[in-house]
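We will go from stop to stop, picking out a few residues or elements at a time and looking at what surrounds them.

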Amino acid sequence: MQQKNKIVKAVVGILRNADGEILISERRQDQFMAGYWELPGGKIQIGESNEANLARELKEELGIEISELSLIHTMRHQYPEKTVHLWIYTINHFDGEARGVEGQNIVWCPSERLGDFNLLPTMKVIIHKICLPEQYWITPDGESEESLLKQLHAHINSGSKLIQLRAKKLIDSAFVERLYKICQDANVKLILNTPNKTFDEPCDGWHLTTQELLSLSERPCALDKLLGASTHNVIEAEHAEKIDVDYISIAPVEPTKSHPDSKPLGWDKASELVSESNLPVYLLGGMSKQALERSLAIGAQGVAGISAI
């Protein structure tokens, strides 16, 4: 008789110190997947709320008392022998000095160095959830180089940390290099959504159209580059996860001037798609800074857009 797949429900917490570093701990030799590094937390106990469970686990594991926390993401991961359902919380305030109470190794690590550790498979998505911004700007199509440069500088000055260069026609490679240099100097990531991608262009990553996404059977670029994809339904979102995309966008949530004939998904459908995806999700279509709070409330990574972001 085939053994039924075991389902494990667990909570984990994202702890930051005064320098913004994130605490990770190494799994002990007597644990499942020993030697891997993870966020602190544990299995959910029957009769205990997620929040109470996490507070107890962090006190037992690290000797700290947490008083403020907020849910930022839920996900599931399929191991050969079990399915893990995760609830991921940001710890907004804690008291005490964290230490490995149970004999485990712990490290405070800058977010950009987390990839240097042998992390649990679930950690990759969590890292992107932590590191990706809550909103990003998409460049308008058909603009002159001078206009794009002016808008780029304005968005950088206003605090943008992620920019998607989107174009329906090929863009001069020298101009792309120029944009990338400006972004590098400002510590801003540049993502390319341009035709005929070689995945060798000078940039921090690429964004796939839905057609490009569905044509791929595996990740087309290195893991140290960001890879996003445009999706509109569960099937496309699941395929994005299958080929190891780092984040997805879903659109349009609301009516847009640029695509007046496209039927909007609406917030209820957007919320459903967000809840069913393991990946960080950006909402597009009629989005604005005012919609950001609403998107975060349904568990999205944030919003993206052309004119109002």
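Start by selecting R28, which is partly exposed at a relative accessible area of 26%; here buried means under 20%, exposed over 50%, and partly exposed in between (1.4 Å probe, protein chains only). R28 sits in the loop between β2 (22-26) and β3 (37-38). Helices (H or I, at least four residues) and strands (E, at least two) are DSSP runs, numbered from the N terminus. Before moving on, note that this is a predicted model, in which local features need pLDDT of at least 70 and side-chain atom pairs count only at pLDDT 80 or more, while totals for chains, interfaces and linings use all residues. Residues are numbered from 1 along each chain as its sequence is written, and side-chain values use heavy atoms, with hydrogens and water left out.

Now show what surrounds R28. Leaving aside neighbours within four places in sequence, R28 is in contact (heavy atoms within 4.5 Å) with A34, G35, E102 and Q104. With E102 there is a side-chain polar contact of 3.3 Å; such a contact is a pair of N or O atoms within 3.5 Å, and within protein one must be able to donate a hydrogen and the other to accept it, with residues adjacent in sequence counting only if both atoms are side-chain atoms.

Next, colour the open sheet of four strands, whose order is β4-β1-β6-β5 with mixed pairing. Two strands pair if DSSP finds at least two bridges between them. At the edges are β4 (41-43) and β5 (65-78), each pairing on one side only. Strand β1 (residues 6-14) runs antiparallel to β4 and is joined to it by three bridges; to find one of the partners, select V11 and look across to G42 in β4.

Helix α1 (residues 50-62) lies across β1, β4, β5 and β6 (82-95), at about 120° to β4. These axes are lines fitted to C-alpha atoms, for helices over the stretch in contact, and angles run from 0 to 180 degrees between N-to-C directions.

Stay on α1 and show its charged side chains. R56 and E60 lie four residues apart in this helix, about one turn, and their side chains form a salt bridge of 3.5 Å, N to O. The term stands for a side-chain nitrogen of Lys or Arg within 4 Å of a carboxyl oxygen of Asp or Glu. K59 has a salt bridge to E65, with the closest N and O atoms 3.0 Å apart. Across the whole structure, a search finds 12 salt bridges.

For the last stop, select helix α6 (residues 234-242). Which of its residues are buried? They are E236, A237, H239 and A240. These residues lie on the same side of α6 because they cover an arc of only 160° around the axis, taken from the directions from the helix axis to the C-beta atoms. Their cover includes α5 (210-215), β12 (226-231) and β13 (247-250). On the face turned away from the buried side, look for the exposed residues I235 and K242. N233 caps the N-terminal end of α6, with a side-chain oxygen 3.2 Å from the backbone nitrogen of I235. Just after α6, D244 has a positive phi of about 70°.
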